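Have the sequence and the model open side by side. We will go through the chains in turn and then look at how they meet.

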Amino acid sequence: MAALLEIRDLHLHMSSYEGSAHVLNGITLTVNRGEIWGLVGESGCGKSLTGLSISRLSPTPPAHYAAGQILLDGLDLLGLSMAQMQKLRGKRIGMIFQDPTTNLNPAFRIGEQLVDVALAAARHDPAILECPASEGRGVRRGAARQLAGQMLDRVGIPNPQARLDSYPHEFSGGMRQRVLIAMALIGKPDLLIADEPTTALDVSVQAQILKLIKANVADFDMGVLLITHNLGVVAQTCSHVAVMYAGNIVESGPVAAVIGQPAHPYTRALLAAIPTRDTKRGMLQGLAGTVPNLIIPPPGCRFATRCVFAMDACTKATPPLQPAAGGKLVACIRLAEIEEMANA
Amino acid sequence: MLLFILRRLLMLIPVIIGLTVIMFAIARLLPGDPVGLAAGPNATQAEIAALAVEFGLDQPIWVQYWTYVTGLMQGDLGTSLLTRRPVAADIAAYLPATLELVFAAMAFAVLVGIPLGLVTAVWRNKWPDYLSQVAAIGAISMPRFFLGLLLQLCFAMWLMWLPLGGRLPIIVIPPPRFTGFMTIDSLIAGDWDTFTLSLRHLALPAIAMSLSPLATIMRMMRASTIEVMGQDYVMTARALGLSPRLIITKYVARNAISATLTVIGLYFGWLLGGTVLVETVFDWPGLGLYATKAIVSQDMMPVIGVALVIGLLFVLANLIIDVLYGVINPKVRYS
Amino acid sequence: MSYAMDDLTGPRFDKLRRAFFRFRQSKLSLLGGMLVALVLFFAIFGTALAPYPDHIAGGLDTSNRFVAPSWEHPFGTNELGQDVLSLVMAGTTVSVLAGFGVVLIGSVIGTIIGAIAGFAGGWLDEVLMRLTDLTLTIPGLILAMAIAAALGPGFGNMVIAISLSWWPGYARLVRGEVLAAREEVYVTAARAIGASPARILFRHILPNTVSPIIVKMSLDMGFAILTVAGLGFIGIGVRPPTPEWGTLLAISRSYMPEYWWTAMAPGMAMFVAVFGFNLLGDGLRDVLDPKARR
């Protein structure tokens, strides 16, 4: 079966006042249906931009795609016009953003916002509404409203039909995020991109939201790209994970393999930095150095400046993603030696 | 919702009281000769003295104020020297004309200004936008009475498309008076011809008055539209595939309009004040013309009366705007 | 350790220089500046430079009534044979002076009231602010008319009447600035040294509020001139033969449409003056008050 989402060697430049930043340096990622991929990395590594790029939501004057492809079920997204992209958004690609407070329009009832998304989706796939396109506007709106109520129920909002007439400020943060998930799923998308969906929520609510996302994957036969900086979220929810650093994917693969046996020096350092019960006071491990300047990126491997294992050869060229143990892909030329040193 | 309206109504009372105090201060306490002015330039000393007693100027200030206020509550705003009628009766007769003009001007400004603001925001930084910005400043700088004169010159005198002034042609009998609005009354009477005529007479003065608020509404709408377009929820709407046209005409428009509404309230007051000049140019028989004629004849009571009534109208208008704002923006209802 | 005076004034100078650089960048603001300079030039020298000075003083030339615009009379002549251009030039002085007077008096009154309200706080603040709000409830022109009606006719009375409707804006502005400045460290420091409230207010706080006041004054000039002209149009204020734009326009009404030029010059002069001041005011605001930037 062809992959749902394939990003091949994506290069993105963002022009700014100071110059042109090479923010995505050859991103390669494959997501299949039924998989929940975590995209993890520190702030500024480019994970949000990757998500936005799939939906082409990054405006192209400052953004410029220098090379690469984004394929959705084989369809080349970068070659589509904005009008064609609009046909895919909400229908084949659903998106959830970080802050539930600002992502719902405060002046409209949530029912109305849900209905509009549903109607937009139904224009390209009338089956969503279970109502033929030939029917009058009123009938279609009614069907969309029914569907909206069902979606609210599915995401766990009590008393869904009545709540359709509520305004966003009448919901709590967690509830609003559920509404946003309902909005993202109402068009029955094939790919769901969630950009830090739980960062702005309480820990207890976080778990509920993640469970909700997970539960819907099978029902909709979706693939999910879950962008986050929280490894805990990844471990809890994802089936696969890709670790990003400074515009590169340094390690990707099944979650147990990546988190259980980290191969790339960055992944190792990341996992080592997480405090556990046994971490003694004053023994927090950080990572020395800072993220490189993307306008004048360092030559070769972008992690080399901070890498304990760096050699001269590392600065010659960007290391490609190579297959490694456990079904992973790792971008490091010293992989074998690092294994030995670590196990010694 | 009702509670919200009631609360706002209660807040009106101190304002109204304050208004009466100010008007009283102007009428009685300013240097100048109120009695001499009220008596008129041809009064004798005896008449002035009698009038002074009648005004109660020998009483202490608070008694004078009390008489003034009780008089107000009974609808007594003094007598006009010119028309020899109670000012209150005059105001009641001329008020609808002014209101009709103000509403027409406001409607025009809103109906043209809001879409223009939306359009210039969506197509900003291209040359039509730049031009409209300069034109807006020009519109605000243009004196209303000069504009009225120019419109008269151009459309009434040279092109002869529209009438010169007044509410209806002299030969036409006005419809029976229900609201005092020529437009509405002629509709009620089923008189289509008079309705069209009244609209034609309304056109030029309304446009002259509306240009400045139109420009400001356009600028405000443009600014708030730009701000709304940068909001997260607009990004979400785009991400979920809503068409740009729907996003702008339905969602962005409503969010942006609520910010512009507050300006509309302020402009209502400005319009009420500005009727003076435009009514003079177009011979429009409203409060403005009434006050103008009075002031030129040094007839003080009508001017004070008009000021008080317009102040009250302004306060009322702001209340209505507040309520409308509560309808559009549900969060405000709980404040 | 002593600091040279240049060091202390250095940053402020720099700020001003940068501000003017930004000002020069905006073409519209420059246009406004030029127009205002033109208007002010005529305000000061208009009466002296007018080609037909005797007309301004009231002289008639009945043989030359209603001459259309020509080389001798670029804006034609009016019903008394007077040169319209000269009248308008002289009128600049009257209108601009009146407008300036209104803004000046209004800003002084407003600043005092606002400063006291902001600094004193408490019930005094409440009372003064209620007064300000109430004055704002009555539209400016009407209020000015009411006050002018009570005071009686005359140029001075008109200026006072308009000023009395103009001060609330300044009161609010200054009160806000004073309230904010009250919390600043330098005020606490001054108090600690034992400075009296009056001294703190006048020596320390007010100088820092000058900039927004100036911005507002320049923005208001245009509308002040409009209001003066408006009242002149109605017939309040100046007595003939003193030329004033509004009065000239009012007189010209009777002679429409045949002698349309008698209205053009005063009207256009009004428009140019107000347009210039508005552009200038906008430009100054963008430059001096970056918080208000669009």
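Two strands count as paired when DSSP finds at least two bridges between them. Keep in mind that this is a predicted model.

Start with chain A. Four of its strands make an open sheet, ordered β2-β1-β4-β5, with antiparallel pairing. At the edges sit β2 (19-31) and β5 (75-76) of chain A, each of which pairs on one side only. In general, the strands of a sheet are joined by backbone hydrogen bonds, in a parallel or antiparallel arrangement.

Now look inside the sheet. Strand β1 of chain A spans residues 5-16, and strand β4 of chain A spans residues 63-72. Eight bridges link the two in the antiparallel sense. Which residue of β4(A) is the bridge partner of A:H13? The partner is A:H64.

Helix α1 of chain A, residues 47-54, lies across β1, β2 and β4 of chain A. Helix α1 of chain A runs at about 70 degrees to β2(A).

Turn to chain B. Here there are 13 helices and zero strands. Chain B has 335 residues, and 42% of them count as buried. Consider next the contacts in chain B with a separation of 6 or more: 71% of them come from residues 24 or more positions apart.

Finally, the chains together. Two pairs of chains are in contact, and chains B and C share the most contacts. What about chain A and chain C, and how far apart are their nearest C-alpha atoms? These two chains do not touch, and the distance is 19 Å.

Definitions and conventions:
Residues are numbered from 1 along each chain as its sequence is written. Chains are lettered from A and ligands numbered from 1 in the order in which they are written. This is a predicted model: local features need pLDDT of at least 70, side-chain atom pairs count only at pLDDT 80 or more; totals for chains, interfaces and linings use all residues. Two residues are in contact if their C-beta atoms, placed from the backbone, lie within 7 Å. Axes are lines fitted to C-alpha atoms, for helices over the stretch in contact, and angles run from 0 to 180 degrees between N-to-C directions. A residue is buried if 20 or more other C-beta atoms lie within 10 Å of its own, exposed if 12 or fewer, and partly exposed in between; C-beta atoms are placed from the backbone.
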